[in-house]
Amino acid sequence: MKRSQINYAIDKAHAIAETFRLCLPDFAYFTADAWRQQDWAKWREVRDLQLGWDITDFGRGDFAQTGLTLLTLRNGLWGSANYPKPYAEKMLQIQQDQQTPWHFHTHKMEDIVNRGGGDLCMQLAWATPDAQYDGQRAVEVNVDGQRRSCKPGDTLVLKPGQGVCLPPRLYHRFWAEKAFVLGWEISMVNDDQHDNHFLEPGGRFPAITENEPAKWLLCGEYDGLRGEGV
C-alpha cells in the first residue's frame with residue numbers, strides 16, 4: 001500500500017467515527033508527530049500490545065477491493081503477568097463491496113457485530129485438520145443467541161445491530177453491501193502475528209510504499225520511533 005492510502009484511510013476513519021457519534025480513545029487521534037513527543041513509559045501497553053490503527057490490503061495490492069480498516073482498542077497477551085486481560089476489542093470499518101479474504105484463527109473465538117450502515121455479509125466454512133476448506137461439513141453458529149445452520153459457503157447476512165459468534169478454526173470472509181458498515185469485534189486475546197491462517201496467499205500486514213510522509217502511525221510502527229530518541 002502507498003503511505004498516502006494509509007493516511008487517507010485513517011482521516012476517513014476519523015470522519016466516519018464522528019458521523020456515527022463514536023468517541024475514540026486519545027491514542028486514536030495522535031499523529032506521528034504527536035507520538036514522537038509522548039512519554040512512552042506512560043504508553044507502554046499501547047506499544048507492547050499494538051493498540052491503535054491497522055490498515056491492511058492483506059498483501060493483495062488493491063485496498064478498495066480487498067482491505068480493512070481496524071482500530072485495536074484493547075487487548076491482552078497470553079501468559080503475561082503484565083497484561084493478563086483475556087479479551088480484545090476492535091473497531092472495523094468496511095467500505096462498500098470491500099472484502100476481507102478467507103481466513104480462520106487457530107485459538108481465537110470472536111463475535112463480529114454490525115454496528116450500523118449497510119449489510120455485513122459473511123461466508124463460513126470449517127477448516128479441515130490440514131487447514132483446507134471443508135466443503136462438506138455443515139456450519140452452525142449463534143447470531144445474537146439464535147442458532148443458525150448453513151451450508152459451507154452460504155452467505156450469512158448481518159443487519160445493523162446483529163452479531164455472530166465465530167469459534168476457532170471456522171473459515172470466514174466478509175464484505176459490506178448496500179453501504180459502508182461500521183463493524184465491531186469482541187474476542188479472546190488477539191495475536192495477529194501467529195493466530196491467523198489465510199486460505200490463499202497474501203499476508204496480514206501490507207508492504208508500504210513511502211510516497212509521502214506518515215501523518216499517522218500504524219500499530220506495528222511504534223518501535224520505529226525508538227531510533228528517533230523516543
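Predicted model: local features only at pLDDT ≥ 70, side-chain atom pairs only at ≥ 80, totals over all residues.
Trainee: Which residues touch the most other members of the largest nonpolar core?

Mentor: In soluble globular proteins, nonpolar side chains tend to be buried together. A nonpolar core here is a set of buried Ala, Val, Leu, Ile, Met, Phe, Trp, Tyr and Cys residues joined through side-chain atoms within 4.5 Å. Buried means under 20% relative accessible area, exposed over 50%, and partly exposed in between (1.4 Å probe, protein chains only). The largest core has 35 residues, and Phe27, Trp35, Trp53, Ile55 and Leu71 touch the most other members. At least two residues each come from helix H1 (3-19), helix H2 (32-36), strand S1 (52-56), strand S2 (68-74) and strand S10 (170-188); H1 gives the largest share, six residues. Helices (H or I, at least four residues) and strands (E, at least two) are DSSP runs, numbered from the N terminus. A second, separate core of 23 residues includes Leu68, Ile94, Leu120 and Met122.

Trainee: Is aspartate 111 buried or exposed, or something in between?

Mentor: Aspartate 111 is partly exposed, at a relative accessible area of 32%. Its place is in strand S5 (residues 110-126). Leaving out residues up to four places away in sequence, Aspartate 111 touches Val164, Cys165, Trp184, Glu185 and Ile186, where contact means heavy atoms within 4.5 Å.

Trainee: How many cavities of 30 Å³ or more are there?

Mentor: Rolling a probe the size of a water molecule over the atoms shows where empty space is left. On a 1 Å grid over the protein atoms alone, a cavity is a set of points where a 1.4 Å probe fits but cannot get out, and lining residues have an atom within 4 Å of a point. Grid points are joined across faces, edges and corners, and a volume is the space filled by probe spheres set on the points. The count is two. The largest has a volume of about 160 Å³ and is lined by 19 residues, with Leu68, Leu70, His103, His105 and Glu185 nearest its centre.

Trainee: Which residues line the second largest cavity?

Mentor: Its lining consists of Phe27, Ala28, Phe30, Trp35, Gly52, Trp53, Trp216, Leu217 and Tyr222, around about 50 Å³ of space.

Conventions. Residues numbered from 1 in each chain as written. Heavy atoms only, no water. 1 Å grid on protein atoms, 1.4 Å probe; cavity = no way out; pocket = protein on both sides within 12 Å on 5 of 7 lines; lining within 4 Å.
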